[in-house]
Amino acid sequence: MRLILLGPPGAGKGTQAQRLVARHGIVQLSTGDMLRAAVAAGTPVGLKAKDIMASGGLVPDEVVIGIIADRIELPDAAKGFILDGFPRTVPQAEALDALLKSKGLKLDAVVELRVNESALLQRVEARVAEMTGRGETVRIDDTPEVLSKRLAAYRSQTEPLVHYYSERRNLLTVDGMMPIQEVTDDIERVLSAIVSSEKKTAKAKASAKKSASKTSAAKPAANRRTPAKKTVKAPTKATKTAAKTAAKASSKSKPAAKAAKKTIKTSKAPAKSAKKAGKK
Ligand code: ADP
């Protein structure tokens with residue numbers, strides 16, 4: 001599973017990411033953590049990022065894109081990952097799309113944690129108090145002044161991603177103002193809906209492909225890129241099955257619906273059965 005957690009500073013991305021890691025056995029990739037590690041280690045990236053981070057601005061796109069591109073290559077990311085703090089700008093989102101596409105990978109969902117801005121300062125103050133209480137080093141950007149700059153950066157550069165991903169039908173919005181466990185439960189609920197519909201689509205695709213490949217030595221109708229012009233008069237058993245299977249999945253999946261349409265165009269008879277199946 002490959003996910004993005006989207007939300008302003010203090011929305012609870014880190015907390016929820018850790019819970020997702022524990023539950024799904026995937027890794028959390030936090031650009032904030034990686035950059036802080038780079039700053040602490042004094043690497044060239046760290047030197048570039050240090051002052052920008054301290055002031056609440058955003059590190060240049062090419063720096064974080066490079067970090068993520070390298071990171072998702074590592075073996076522990078093969079099973080899936082949660083991106084926390086990335087992408088933070090539209091160019092970062094576009095770079096991620098290109099990166100995943102080049103690897104033949106798909107993004108499963110973008111979970112937006114929606115919170116009241118008025119609660120954020122309080123949350124960050126509480127985090128500072130807890131960390132101080134535990135004797136941990138407090139982040140230098142966790143001050144009210146820097147927080148307001150981080151929020152401004154979120155509003156102007158990151159919030160447009162809500163629109164970006166909702167247009168691509170990837171966005172799931174969860175109310176981040178609820179207690180932690182309820183937020184976790186809600187995330188799991190929306191994710192399980194996605195996972196089960198993806199499983200169904202994959203199954204339908206696989207069986208449509210299987211039946212279509214059984215037909216003849218000629219290119220199977222269900223897989224044709226350009227539909228044949230009504231040349232098939234008597235539909236074979238396999239085309240019928242392929243049309244049915246694809247049409248069944250059509251309410252949930254666009255690609256399957258496309259496959260169904262393609263099959264329908266090749267002959268009149270399967271079109272009927274596909275429509276029937278689609279109505280169910
Ligand atoms: P927050 O709690 O504000 O979401 P993070 O720990 O995710 O903070 O990030 C801390 C800082 O690291 C940011 O304010 C920014 O300077 C830098 N940073 C992290 N991720 C990115 C990114 N994807 N693009 C640019 N800068 C980033």
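Here are a few questions and answers about the sheet and the salt bridges of this predicted model.

Reader: In what order do the strands of the open sheet run?
Author: The chain has 12 helices and 5 strands. The 5 strands form an open sheet with parallel pairing. Reading across the sheet, the order is E2-E3-E1-E4-E5.

Reader: Which strands stand at the edges, each with a single partner strand?
Author: An edge strand has a single partner, so one side is left without a neighbour in the sheet. That applies to the strands covering 27–30 and 171–175, namely E2 and E5.

Reader: Which residue in E3 does Gln28 stand opposite?
Author: E2 pairs with E3 (residues 81–84) in the parallel sense, over 4 bridges. Across that pairing, the E3 residue opposite Gln28 is Ile82.

Reader: Is Asp142 buried or exposed?
Author: Asp142 sits in the loop between helix H6 and helix H7, and its side chain meets Arg127 in a salt bridge at 3.2 Å, N to O. Arg127 has 28% relative accessible area, so it's partly exposed. Buried means under 20%. With a relative accessible area of 7%, Asp142 is therefore buried.

Reader: Which residues are linked with Asp142 in a network of salt bridges?
Author: The whole structure holds 15 salt bridges. Some of them join up around Asp142, and the network's other members are Arg127, Arg139, Asp141 and Arg150.

Reader: How many residues apart are Arg168 and Asp97?
Author: These two form a salt bridge, with the closest N and O atoms 4.0 Å apart. Arg168 is in the loop between helix H8 and E5, while Asp97 is in helix H5. The pair links distant parts of the chain, and the separation is 71 residues.

Notes
Residues numbered from 1 in each chain as written. Predicted model: local features only at pLDDT ≥ 70, side-chain atom pairs only at ≥ 80, totals over all residues. Heavy atoms only, no water. Helix = DSSP H or I, 4+ residues; strand = E, 2+ residues; numbered from the N terminus. Pairing = 2+ DSSP bridges. Buried < 20%, exposed > 50% of the residue type's maximum accessible area, 1.4 Å probe, protein only.
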